Amino acid sequence: MTSSTAGRLILAATPMGQYGDASPRLRQMLADADIVAAEDTRRARALAAGLEVSIGGRLISYYDQVEAARTPGLVEAIRGGADVLVITDAGMPSVSDPGFKLVAACADAGLRVTCLPGPSAVTTALAVSGLPSERFCFDGFAPRKAGARTAWLSTLATEPRTVVFFESPHRLADTLAAASKVLGGSRNAVVCRELTKTYEEVRRGDLAALAAWAAEGVRGEITVVLAPAVAVDADPADLVTDVEALVADGLRLKDACGQVATAAGVSRRELYEAVLTARG
């Protein structure tokens, strides 16, 4: 049970490029929090200056490399009554940014966790993409290595939801080229560059066209929105080999049928019967 004298962990979304996107609550909490844990203390000071507010509490760095080491001390500070504000360079803490470990630790300790909502590149890109937004998933950053990237893209071949992910501008061309090869050049996507900033650009097209565009060089913060896979009616008989391969790897027949049927969008029962028929 949370102590009545305990403080709070406050996650706060910060502007992605325009100070005017900051909420009044963020301004107030920068001034009032006992501790401000920032991904980059220099950027935190610049943010405060841009918002014309002074950071009232102790300012500490809280980035990926020190997140694990500093989390226990922050938990104890909150347990002792401190309000700890977590901010990152831009957007929402814990969404591919520091914050998750501290949230999990506070939750385990029964301490209060709250959030000051605001800017997020994920939802901003989804909103402006023009792609279906009723169902979507966020996949963080695309894998850096070619093999891992290809394997990851393969999992999106039948993904029925819109997919949002981040990518470095230096790797964007390679990722889009690989996506065009693995997913097909005709699959639609949107590349959002420098969202909310002066040189904001939203580039729409199919993967082949976007890969060709990115090959010329791209700068800035990148968020990619990938269209859902188009459902294709598969013939269960064409999937028997996939099932048998999973069975050969040790999976039970029913489990293998379930896994393949779900990915292909066919009936499990019909696929099971197709395997039995093929076995004779």
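Buried means under 20% relative accessible area. The legends below describe close-up views of a predicted model.

**View 1. Trp152 and Phe165 form an edge-to-face aromatic pair.** Both residues, Trp152 and Phe165, are buried. The ring centres of Trp152 and Phe165 lie 5.0 Å apart, with 85 degrees between the planes. The pair joins distant parts of the chain, with Trp152 in helix α6 (residues 146-155) and Phe165 in strand β7, 13 residues apart.

**View 2. Phe138, Phe141 and Phe166 make up one aromatic cluster.** The model has three aromatic pairs. One of them is the edge-to-face pair of Phe141 and Phe166, at 5.3 Å centre to centre and 65 degrees between the planes. This pair also links distant parts of the chain: Phe141 belongs to strand β6 (residues 136-141) and Phe166 to strand β7 (residues 162-167), 25 residues apart. Phe141 counts as partly exposed because its relative accessibility is 46%. Phe166 has a relative accessibility of 11% and therefore counts as buried.

**View 3. Helix α7 (residues 172-183) packs with helix α8 (residues 207-214).** The angle between the two helices is about 160 degrees, and their axes are 8 Å apart. The angle makes α7 roughly antiparallel to α8. The crossing of α7 past α8 is left-handed.

**View 4. Residues of the contact between α7 and α8.** On the α7 side the contact is made by Leu172, Ala173, Leu176, Ala177, Ala179, Ser180 and Leu183. On the α8 side it is made by Leu207, Ala208, Leu210, Ala211, Trp213 and Ala214. Of the residues in this contact, twelve are nonpolar, one is polar and none is charged.

Note on methods: Residues numbered from 1 in each chain as written. Predicted model: local features only at pLDDT ≥ 70, side-chain atom pairs only at ≥ 80, totals over all residues. Heavy atoms only, no water. Phe/Tyr/Trp six-rings, centres within 6.5 Å; stacked < 30°, edge-to-face > 60°. Helix = DSSP H or I, 4+ residues; strand = E, 2+ residues; numbered from the N terminus. Buried < 20%, exposed > 50% of the residue type's maximum accessible area, 1.4 Å probe, protein only. Axes fitted to C-alpha atoms, helices over the stretch in contact; angles between N-to-C directions. Parallel < 35°, antiparallel > 145°, perpendicular 65-115°, else oblique. Left-handed = near helix turned anticlockwise from the far one by under 90°. Contact = heavy atoms within 4.5 Å. Nonpolar A, V, L, I, M, F, W, Y, C, P; charged D, E, K, R; others polar.
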